[in-house]
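The sequence and the structure should be read alongside the text.

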Amino acid sequence: MTHPARRLDNAVHQRTRLGILTVLAGATRVDFAFLRDTLGLTDGNLSRNLSVLEAAGYIAIDKTFEARRSRTWIAATPAGRRALAAEVTALREIVQTVDRAAAAGARLAPRTGPARS
Amino acid sequence: MGELPSSGGVGAIRAQELLGEVATLRRRVRRPAGLWPPLVVFGAAAAIGAPLGLLGGLATSSWWLAIAPPGFALVSRYAARQARQQGIEGPSRLLRTLGIVSFAAVWLACLALSAAAHLPVGLGWTLAVAIGYLGWSRFARNGPAAVVAVSLGVVGVALALSPAPAWTVQLGVGLTMVTGGLLLRCGPEAR
């Protein structure tokens with residue numbers, strides 16, 4: 001079995017992009033401004049990360065005109081939702097792997113006390 | 001960031017941090033905007049329709065059958081408009097369907113229960129509304145809404161078990177719903 005760290009997806013495994021997919025997964029679609037304000041990003045930073053996710057097929061971007069002003073709606077694709085779920089699973093497994101190793105180390109610790117002189 | 005977490009403790013700490021951020025964002029996004037409108041709309045419907053209880057159960061049932069569809073339409077329309085303004089659209093059709101189905105289920109269950117178990121009039125639906133709203137406030141992680149839900153339950157049970165006429169239960173709970181809804185509307189967590 002591969003270590004869970006090997007299953008992390010480069011497109012998703014980045015704090016901002018993980019945040020974007022998390023917000024999108026909780027809604028049908030989200031406005032660019034809402035996403036920017038929720039994640040505390042600049043327009044340029046958000047745009048760059050959206051481009052990466054769009055190129056990976058994880059989000060769909062829809063530009064519309066509402067009340068004579070442009071509005072950008074972003075939605076997670078089914079592939080994006082699956083990628084987020086896989087990422088979260090892999091992160092949990094990483095934590096569990098280290099927790100198990102630490103617990104095993106703690107069980108062994110009393111046997112390896114300081115040598116008597 | 002951008003690197004894969006290593007298999008050591010540092011990687012696990014990083015992973016833990018990311019999981020914490022994911023959980024925080026999920027909580028922030030899942031806060032529904034429309035916690036107060038259903039209270040005001042259906043509370044007003046209950047209070048206005050309460051005197052119909054003097055005419056019997058059929059009049060009350062007819063009132064709810066007539067008022068429920070426009071009530072749900074009004075609430076869902078408001079929620080959709082708010083969501084659009086805020087820039088986050090949820091599964092509104094799913095929630096609307098869930099609301100209508102649960103309303104119908106509770107209504108039928110209360111009719112059946114009160115007929116079979118001779119429960120005090122109004123006790124069943126009052127508890128159903130209070131428990132349902134408590135669940136919703138828990139989902140939304142909204143403390144003031146949970147307080148309103150518990151108040152609804154207390155007022156409804158107290159009125160249902162009191163010797164007051166049956167129609168006063170609907171009036172009392174309706175007015176409590178409207179008051180609670182307006183308090184939530186003006187409260188700090190209103191969005």
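Which residues in H2(B) meet which residues in H7(B)?

## The contact of H2(B) with H7(B)

The model discussed here is predicted. On the side of H2(B), the residues that meet H7(B) are Leu39(B), Val40(B), Phe42(B), Gly43(B), Ala44(B), Ala46(B), Ala47(B) and Gly49(B). Their counterparts in H7(B) are Gln170(B), Leu171(B), Val173(B), Gly174(B), Leu175(B), Met177(B), Val178(B), Gly180(B), Gly181(B), Leu182(B) and Leu184(B). By class, the residues of this contact comprise 13 nonpolar, 6 polar and no charged.

Two packed helices are described by the angle between their axes and the distance between the axes. For H2(B) and H7(B), the angle is about 155 degrees and the axes are 7 Å apart. Angles over 145 degrees count as roughly antiparallel, and H2(B) and H7(B) are therefore roughly antiparallel to each other. The crossing of H2(B) past H7(B) is left-handed.

## Ala47(B) within the contact

Ala47(B) is located in helix H2 of chain B. Its contacts, apart from neighbours within four places in sequence, are Leu171(B), Gly174(B), Leu175(B) and Val178(B). The C-alpha atoms of Ala47(B) and Gly174(B) are separated by 4.6 Å, although the two residues are 127 residues apart along the chain.

Is Ala47(B) buried or partly exposed? Ala47(B) counts as partly exposed because it has 18 C-beta neighbours inside 10 Å, whereas a buried residue needs 20 or more.

Helix H2 of chain B runs over residues 37–49.

H2(B) is mostly covered, with 10 of its 13 residues buried. The buried residues are Pro37(B), Pro38(B), Leu39(B), Val40(B), Val41(B), Phe42(B), Gly43(B), Ala45(B), Ala46(B) and Gly49(B). The elements that cover them include helix H3 (57–86), helix H6 (143–161) and helix H7 (166–186) of chain B.

## Chain B as a whole

Chain B contains 7 helices and 1 strand, arranged along the sequence in the pattern α-α-α-β-α-α-α-α. It has 191 residues, of which 32% count as buried. Among the contacts in chain B with a separation of 6 or more, 68% are between residues 24 or more positions apart.

The secondary structure of chain A consists of 4 helices and 3 strands, and its order along the sequence is α-β-α-α-β-β-α. Of its 117 residues, 32% count as buried. Residues 24 or more positions apart supply 60% of the contacts in chain A with a separation of 6 or more.

Helix H1 (residues 15–25) and helix H2 (residues 32–39) of chain A have axes that come within 11 Å and cross at roughly 125 degrees. That angle makes H1(A) oblique to H2(A). The crossing of H1(A) and H2(A) is right-handed. In this contact, Thr16(A), Gly19(A), Ile20(A) and Val23(A) of H1(A) meet Leu35(A), Thr38(A) and Leu39(A) of H2(A). The residues of the contact of H1(A) with H2(A) fall into 4 nonpolar, 3 polar and no charged.

Definitions and conventions: Residues numbered from 1 in each chain as written. Chains lettered and ligands numbered in written order. Predicted model: local features only at pLDDT ≥ 70, side-chain atom pairs only at ≥ 80, totals over all residues. Axes fitted to C-alpha atoms, helices over the stretch in contact; angles between N-to-C directions. Helix = DSSP H or I, 4+ residues; strand = E, 2+ residues; numbered from the N terminus. Parallel < 35°, antiparallel > 145°, perpendicular 65-115°, else oblique. Left-handed = near helix turned anticlockwise from the far one by under 90°. Contact = placed C-beta atoms within 7 Å. Nonpolar A, V, L, I, M, F, W, Y, C, P; charged D, E, K, R; others polar. Expected span 1.5 Å × (residues − 1). Buried ≥ 20, exposed ≤ 12 C-beta atoms within 10 Å, placed from the backbone.
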